[in-house]
Amino acid sequence: MSLASQPSLHSLPSLDVHNLNTSPSLHQCITTIKGHFSSSSSAYVSALAVDGDSLYIASSDGSIRLWELDRARGNQEEQQDDDSCSGSSSTTVADTNSSVKSLLATCNGGLLLSSHQDGKIRAWRAGSRRRDGATRQLVLRAVLPTAVDRLRTCLLPWSYVEIRRHRRCTWVHHVDAVTALAVSPDGALLYSASWDRSIKVWRLPDFRCVESIAAAHDDAINALAVSPDGRVYTGSADKKIKAWTRGPGQKKHALVGTLERHRSAVNALALGANGKVLYSGACDRSIVVWESAADGRMEATGTLRGHARAILCLAAAGELVCSGSADRTVRVWRRGGAESSGYTCLAVMESHGAGVKSLALVRGRDDGSCSSEGSSALVCSGALDGDVKIWSVFILCL
């Protein structure tokens, strides 16, 4: 997919944005984690995931690296009077033979899940602590679809579906890159979306594929998000966002809504404000804000503008949302702003050397509360040049 931006979206009003990015003290780059290079080419950062104090960094070369966030907090204290962004390195904890497309750390079960270009999903656990104090490697627990699923379906003629002319495959397989992963609120289901236009549902913890929605979109699916009430949102290169849900007593998910506002491919989705707000980023350089209506459906309420090129990634937590773009910048927005409505642009971070492909947001306080001076958050951003930057963003109380 080309990173070239498409014409900007004009059908929705821009939301009132209060730009507070006037003081360098509001944000600071505290660490740059340098990319690793092979003899032939450099690998770009394809995904980030935070699990407690661990930041996992996935790359297009199939590797997964680990960096401890405690080091970022230490650097933050050391650099309070220094504008420099110190360099650092990470440790490779897993290697695969297929480019990683997305990462997901599960809250219960202690699993790290990775999806790949080869159409497979890999489930990892942290290995035993080593006596020499070295970083614990990830241990591969399963590859989805599992051998049990493959055997179970290959023996049943009705399990085969036609994926292209003269080629058939069982329904448990993704036949193109798996681009996004999400877990249901109760941790019982894993959702995967693919460039093959399908959505698959896997049961945890036995990793059995229990449902497949073929041709869920008219083009590749790039993004996936699951709300606290269990509604599943998918974003696609067909410019659409679709909402899916499984009613009480139902075994299959059904399409319950199609959201259309973007003029080009939807690249990223994120849920904020406890699932009441959905953000979508696309190649049209806009972030559309969708808010939950009284009947539960999402309605477009406006757009956040400021990026000069395609939106490649989003991350949200509480009232904060971060956006990464092919224009090499990261923007941090706060819902509510300086008044009761609108958004505040807290920071524009500009020191990446290439487009920003992945984001992770870590709030300083789990309850989202502020002290009298304010609170802070860590923003982790991974770029197409292989570097990851850790930013500290100061958040003024409303």
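Lys240 and Asp218 form a salt bridge, with their closest N and O atoms 3.7 Å apart. By salt bridge I mean a side-chain nitrogen of Lys or Arg within 4 Å of a carboxyl oxygen of Asp or Glu. This pair links distant parts of the chain, 22 residues apart. Lys240 sits in strand 20, residues 240-245. Asp218 sits in the loop between strand 17 (208-213) and strand 18 (221-226). Helices (H or I, at least four residues) and strands (E, at least two) are DSSP runs, numbered from the N terminus.

How exposed are the two partners? Lys240 counts as partly exposed because its relative accessibility is 22%. Asp218 is at 56%, so it counts as exposed. The cut-offs are these: buried is under 20% relative accessible area, exposed is over 50%, and partly exposed is in between, with a 1.4 Å probe and protein chains only.

A word on the source. This is a predicted model, where local features need pLDDT of at least 70 and side-chain atom pairs count only at pLDDT 80 or more, while totals for chains, interfaces and linings use all residues. Residues are numbered from 1 along each chain as its sequence is written, and side-chain values use heavy atoms, with hydrogens and water left out.

Back to charges. Side chains of opposite charge can pair when their charged atoms come close. How many salt bridges does the structure hold? Eight. One joins Arg152 and Asp149, at 2.4 Å from N to O. Both residues are in helix 2, three residues apart, so about one helical turn separates them. Their surroundings are worth a look. Asp149 is buried, with a relative accessible area of 1%. Arg152 is partly exposed, at 25%.

Another salt bridge joins Arg203 and Asp206, at 2.6 Å from N to O. Arg203 is partly exposed at 35% relative accessibility. Asp206 is partly exposed too, at 40%. There is also a network of salt bridges, which links Glu291, Glu319 and Arg335.

Now the whole protein. The secondary structure comes to two helices and 32 strands. Of the 398 residues, 54% are buried. A contact here means heavy atoms within 4.5 Å. Take the contacts with a separation of 6 or more: residues 24 or more positions apart account for 52% of them. The protein exposes about 17600 Å², and carbon and sulfur atoms supply 47% of that. Those areas come from the Shrake-Rupley method with a 1.4 Å probe; for residues, only the protein chains shown count as cover.

Next, the inside. A nonpolar core is a set of buried Ala, Val, Leu, Ile, Met, Phe, Trp, Tyr and Cys residues joined through side-chain atoms within 4.5 Å. Which residues have the most contacts inside the largest core? Val332, Met349, Leu359, Leu361 and Val379, in a core of 18 residues. Several strands give two or more residues to this core, including strand 26 (311-317), strand 28 (330-335) and strand 31 (375-383). Apart from it lies another core of 16 residues, among them Leu111, Ala123, Ala142 and Trp202.

Look at Leu361 in detail. Leaving aside neighbours within four places in sequence, Leu361 contacts residues including Ala315, Leu320, Cys322 and Val379.

Ile287 is one more inside position. Ile287 is in strand 24, and it counts as buried at 1% relative accessibility. Beyond four places in sequence, Ile287 touches several residues, among them Tyr279, Leu304, Ile311 and Trp333. Ile287 and Gly306 are 19 residues apart in sequence, and 9.3 Å apart from C-alpha to C-alpha.

Gly296 is partly exposed, at 28%. Its C-alpha atom is 9.1 Å from that of Lys276, 20 residues apart along the chain.

Cysteines now. Cys313 is buried at 6% relative accessibility. Cys169 is buried as well, at 13%.

Last, the surface. Leu151, Leu155 and Leu156 make a nonpolar patch of about 290 Å². Patches are made of residues with over 30% relative accessible area and no salt bridge; like charges are joined within 9 Å, and nonpolar side chains (Val, Leu, Ile, Met, Phe, Trp, Tyr) within 5 Å. Leu155 lies in the loop between helix 2 (147-154) and strand 12 (160-164). At 61% relative accessibility, Leu155 counts as exposed.
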